Amino acid sequence: MRTAEFGTWISALARAAGYDIDGPRSGGKKELAEASGISQSSIGRILAGKIMPSPYSLEDLALALNVPVLDMLVAAEVISRKAATS
């Protein structure tokens, strides 16, 4: 998944998890940053599809979004779907 697609996917997951990420003063990005341990500026860039989180941050992001870590690793192309299922 490319960075822009990953950002779109993460944004949808964040909304589904209850983070209000759309308003400039909504606080959802800050809450997601606190829950994941990723800086708020990095969260903003991830959601905007400008950067990919480091492999070390993916687990915390997955936990904050209630997504299986394996799905997050596959979406970020850290591992393949084939490797994830074998």
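A nonpolar core is a set of buried Ala, Val, Leu, Ile, Met, Phe, Trp, Tyr and Cys residues joined through side-chain atoms within 4.5 Å, where buried means under 20% relative accessible area (1.4 Å probe, protein chains only). The views show a predicted model, in which local features need pLDDT of at least 70, side-chain atom pairs count only at pLDDT 80 or more, and totals for chains, interfaces and linings use all residues. Residues are numbered from 1 along each chain as its sequence is written, and side-chain values use heavy atoms, with hydrogens and water left out.

**View 1. The largest nonpolar core has 22 residues.** Phe 6, Ile 10, Leu 32, Leu 61, Leu 65 and Met 72 have the most contacts inside this core. At least two of its residues come from each of H1 (3-16), H2 (28-36), H3 (40-47), H4 (55-65) and H5 (69-75); helices are DSSP runs (H or I, at least four residues), numbered from the N terminus. The most, five residues, is given by H4.

**View 2. The buried residues of H2 are Gly 28, Leu 32, Ala 33 and Ser 36.** These residues lie on the same side of H2 because they cover an arc of only 140 degrees around the axis, taken from the directions from the helix axis to the C-beta atoms. Their cover includes H1, H3 and H4, contact meaning heavy atoms within 4.5 Å.

**View 3. H1 meets H4 through Phe 6, Ile 10, Leu 13 and Ala 14.** Their partners in H4 are Leu 58, Leu 61 and Leu 65. The residues of this contact comprise seven nonpolar, no polar and no charged; Ala, Val, Leu, Ile, Met, Phe, Trp, Tyr, Cys and Pro count as nonpolar, Asp, Glu, Lys and Arg as charged, and the others, Gly among them, as polar.

Methods: Buried means under 20% relative accessible area, exposed over 50%, partly exposed in between (1.4 Å probe, protein chains only).
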